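Okay, thanks for coming, everyone.

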Amino acid sequence: MTTTLNRALARVDADALDAAVGVFVQAHTAAPLAGAAGDPPVLQPAADGKTVRGARDSEGLQLHLLGVYQVAPGVMLALREMRHKPHETVHLSTVLSAQLDALDWDETSNTHITVHRTEETNAGRHEIRIVRVQPLTPGQVNFPHATRALLVEQYTPGRGDGKIHADAELGITPPRPPSPTPPSPPAACAASGPSRPSTSSET
């Protein structure tokens, strides 16, 4: 049954409406949790995709939505339609990933990079993994307490196609937690018995 509301919604640009609602929600959301002393507030976004049961687009493909949710105070910030469910991470490009990608990862020009290379054979396939690690200065990337950045590259031959498949991932590591301080031994106490009354004599 077609109603006035259905006809009105059918003419609305869904992406523009979603963007406007997202801006409204963010403007009326409480301030994010405060970070550690001297650090900016800590944002806690989470992302998850869901397939909408029974909904299909003009090409007959099932509708899949990727949502971004702010953990505190608990509001949905935005939704985005995706064509293919397996490619959710493609839509999650952030400032942090762009900053990590812009770093100098060439160990010949960046002498601070440490390179670890391993080779192994798994299930008949020869795999090569190269890990590059470099230190980060405070404020170099948009993540509190990040001390090192890493680039992991993996090369594996394809099954039957003769091609080499390459995968790469970027990441960061926080500082190591401080080692627990062992408890101090109790102070030595001198053994003492009951006090004896003092005596004095006068002559």
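Let me start with a term: buried means under 20% relative accessible area, exposed means over 50%, and partly exposed is in between, with a 1.4 Å probe and protein chains only.

Now the housekeeping. What you see is a predicted model, where local features need pLDDT of at least 70 and side-chain atom pairs count only at pLDDT 80 or more, while totals for chains, interfaces and linings use all residues. Residues are numbered from 1 along each chain as its sequence is written, and side-chain values use heavy atoms, with hydrogens and water left out.

The overall layout, then. The chain has three helices and seven strands. Reading from the N terminus, the order is α-α-β-β-β-α-β-β-β-β. Of the 203 residues in the chain, 16% are buried. The chain exposes about 16,000 Å², and carbon and sulfur atoms supply 57% of that; the areas come from the Shrake-Rupley method with a 1.4 Å probe, and for residues only the protein chains shown count as cover. On contacts, meaning heavy atoms within 4.5 Å: among those between residues at least 6 apart in sequence, 37% join residues at least 24 apart.

Next, salt bridges. I'm using the term for a side-chain nitrogen of Lys or Arg within 4 Å of a carboxyl oxygen of Asp or Glu. How many salt bridges does the structure hold? Four. One of them pairs the side chains of Arg132 and Glu107, at 2.9 Å from N to O. That pair links distant parts of the chain, with Arg132 in strand β5 (residues 125-135) and Glu107 in the loop between α3 and β4, 25 residues apart.

Arg132 has another partner. Its side chain also meets that of Glu153 in a salt bridge, 2.4 Å from N to O. Glu153 sits in strand β6 and Arg132 in strand β5, so this pair ties together parts that are 21 residues apart in sequence.

Are Glu153 and Arg132 buried or exposed? Both are buried: Arg132 has a relative accessible area of 13%, and Glu153 has 17%. Leaving aside neighbours within four places in sequence, Glu153 is in contact with Ile128, Arg129, Ile130, Arg132, Asp167 and Ala168.

Arg129, from that list, has its own salt bridge, with Glu120, where the closest N and O atoms are 3.8 Å apart. Arg129 counts as partly exposed at 27% relative accessibility, and so does Glu120 at 37%.

Staying with polar residues, look at Asn110. You'll find Asn110 in the loop between α3 (95-101) and β4 (114-122), and it is buried, with a relative accessible area of 12%. A polar atom of the Asn110 side chain lies 3.2 Å from the backbone oxygen of Asp104. Not counting residues up to four places away in sequence, Asn110 touches Asp104 and Gln134.

On to the greasy part. Nonpolar side chains tend to be buried together in soluble globular proteins. A nonpolar core here is a set of buried Ala, Val, Leu, Ile, Met, Phe, Trp, Tyr and Cys residues joined through side-chain atoms within 4.5 Å. The largest one has nine residues: Leu96, Leu100, Leu103, Trp105, Leu136, Val141, Ala146, Ala149 and Leu151. The elements giving two or more residues to this core are α3 and β6. Beyond four places in sequence, the residues that Leu151 touches include Trp105, Ile130 and Arg132.

Last stop, the surface. Leu5, Leu9, Val12, Leu17 and Val21 make a nonpolar patch of about 450 Å². Patches are made of residues with over 30% relative accessible area and no salt bridge, with like charges joined within 9 Å and nonpolar side chains (Val, Leu, Ile, Met, Phe, Trp, Tyr) within 5 Å. Both α1 (4-10) and α2 (14-27) supply at least two residues of the patch. Val12 is in the loop between α1 and α2, and is partly exposed at 39% relative accessible area.

Key
Helices (H or I, at least four residues) and strands (E, at least two) are DSSP runs, numbered from the N terminus. A polar contact is a pair of N or O atoms within 3.5 Å; within protein, one must be able to donate a hydrogen and the other to accept it, and residues adjacent in sequence count only if both atoms are side-chain atoms.
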